[in-house]
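Subject: The two-chain model, over to you

Hi,

Here is the structure I promised to pass on. Have it open while you read, and my notes on what turned up follow below.

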Amino acid sequence: MRDVAIIGVGETPFGELWERSFRDLGIEAGLKAIQDAKIGSDDIDAVYIGNMSAGKFIDQEHVAALVADYAGLADRHLPTVRVEGGGACGALALFQARLAIASGMYDIVVVGGAEKMTDVGDVQAAEILAGTADQEWESVFGATFAGLYAMMARRHMHEYGTRREHLAAVAVKNHKNGSLNPNAQFQREITMETVLQAPWVAEPLGLFDCAPLSDGAAAVVLCAMERARSFTDAPIRILGSGQASDFLALHDRRSLTAMDATTEAGARALKQAKLAPKDVQVAEVHDNFTITEILAIEDLGFVEKGKGGPATLDGVTALNGKVSVNPSGGLKARGQPVGATGVAQAVEIVRQLRGEAGKRQVVGAKHGLTHTLGGTGATAVVHIFGRAD
Amino acid sequence: MAIPRFWREIPSRYNLIGTKCGSCGKVDFPPREICPDCGRKSLGKMHSFRLSGKGSLVTFAVVHDAPAQLEMQKPYVVGIFEMDEGVRLTSQLISVEPGDVKIGMRVQAVFRKLGQQGEAGVIHYGYKFRPSL
């Protein structure tokens, strides 16, 4: 298997971007990444797009060809692929593109992730997100997406004594990090009281326990390591990638307070990278709800099972804490355009490892990790990155 | 959504019909063709099996942001229930105030309306749970 590096990154601002269309967003992110990589359109061998549900959000399928077209690449007749895996689709697109280069099939691939969520109302958007849970045996019976995560939170409280303050600490931390990220949807710090006093969405989760609905896109340029240095002095290597699946419905899983798919994907990625959790200084993990980040830091091995809440409250995962988790603000504050998530996480880690993260720079970041979920944990993808020097 | 999508699930939704593995005896709901524990050994040995509808509450949430279909019911309680046969399923917990719900409480299945297709559309029914009497 050939080594693969990221040689360029780009992203749009995330938010409720009424004036921007899906194509506008996809193109902006792609062009930024291509300019950052200093490649020309002739260098690109293929385009991979992570997108969860353009068909439902904007009535448009076939978006990989669309993005390549509006990026001015139609005449090159490039292979274009859309990858779907619920909220993990962006991370999966990156996974598949890495395989394609590692296999020797392609040398340079542009990976984009995009979602345009605000062309539908918020109730409809929530129902579309719930489409990644089990429609026939969860949603039909009244389980909303937030409701499913709330049931994990309730059980975590029951088994480990986790409190609402612990969950709220995730939101407070990620909003603080988001305030340092000029592309984040939310750029204001919030207090513990704000989180605790917010209206319920699905008890025990309130409004500030939930990531927002967002528009946005992100892109990275992947290149075979052997050619990467002809484009950049600072290629960021993909050291390991792991993917895992689990029962689609939450109620069928072994545990309601641990995601086995995360544990498996993390172990596979770390094994490939020949690293342990303690070797990772910076991580972007899936925090579509506050409980999700707590489960993630436990299941990835950053903290002991059941201790995720107190660890977060104690600052273990704060910027430049023991491991900096979601320096970008995460899905919670940077925003959650679903298809963009996995790619945006990689963009943040690349910036951190290059030392280009500005006010939110993690000091001495050598290895970074991304963790992305589909549904309530039926898909998990973990990538590990490192500087190539 | 087309009517057959709901119609074809009627046996399980009305009468809690799942499957029991003829190889290991594990009960699944909804019905499965292959036992997740036994794999190929279970092929052709998955028999229809009716759940008792009795069980206990494993976890729950009180839904305040409801889908359009359930707007009139909010806030409502949704839970994961472990049946006495060992299998778990998800539905609403009814006939109890949210403040009185406790993990571990005994429940039994009841037949209720789940939703309907628009103003004058087909009504679909299925199981919900209430505290055991």
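(Two strands pair if DSSP finds at least two bridges between them; strands are DSSP runs of E with at least two residues, helices are runs of H or I with at least four, and both are numbered from the N terminus.)

Before going further, some housekeeping. This is a predicted model, where local features need pLDDT of at least 70, side-chain atom pairs count only at pLDDT 80 or more, and totals for chains, interfaces and linings use all residues. Residues are numbered from 1 along each chain as its sequence is written, while chains are lettered from A and ligands numbered from 1 in the order in which they are written. The scores for the model are ipTM 0.97 and pTM 0.98. Chain B has an average pLDDT of 95, with 99% of its residues at 70 or higher; pLDDT is the predictor's confidence in each residue, from 0 to 100.

Is β4(B) mostly covered or mostly open? Mostly covered: seven of its ten residues are buried. (Buried means 20 or more other C-beta atoms within 10 Å of the residue's own, exposed means 12 or fewer, and partly exposed is in between, with C-beta atoms placed from the backbone.)

**Where the chains meet**

(Ala, Val, Leu, Ile, Met, Phe, Trp, Tyr, Cys and Pro count as nonpolar, Asp, Glu, Lys and Arg as charged, and the others, Gly among them, as polar.)

**Inside chain A**

Chain A is assigned domain 1 (4-121 + 214-228) and domain 2 (132-211 + 239-387), with bounds from an automatic or database domain assignment. Their C-alpha centres are 23 Å apart. Between them, 33 residues of domain 1 are in contact with 32 residues of domain 2. The side of domain 1 that touches domain 2 takes its largest share, seven residues, from α4(A). That side has 18 nonpolar, eleven polar and four charged residues.

The largest nonpolar core has 156 residues, and V111(A), V220(A), V221(A) and L222(A) touch the most other members. (A nonpolar core is a set of buried Ala, Val, Leu, Ile, Met, Phe, Trp, Tyr and Cys residues joined through C-beta atoms within 7 Å.) Domain 1 and domain 2 of chain A both give residues to this core, so it lies between them. If you set aside neighbours within four places in sequence, the contacts of V221(A) include I6(A), A33(A), I39(A) and V110(A).

Most residues other than glycine have a negative phi, and most peptide bonds are trans. Here are some exceptions to look up:

- The bond from F29(B) to P30(B) is cis, with omega near -10 degrees; P30(B) is in the loop between β2 (27-28) and β3 (46-50) of chain B.
- The bond from K74(B) to P75(B) is also cis, with omega near -5 degrees, and P75(B) lies in the loop between β4 (54-63) and β5 (76-83) of chain B.
- K274(A) has a positive phi, near 55 degrees, and is exposed, with 10 other C-beta atoms within 10 Å.
- N326(A) has a positive phi near 55 degrees, but is buried, with 29 other C-beta atoms within 10 Å.

Cheers

Note on methods. Contact = placed C-beta atoms within 7 Å.
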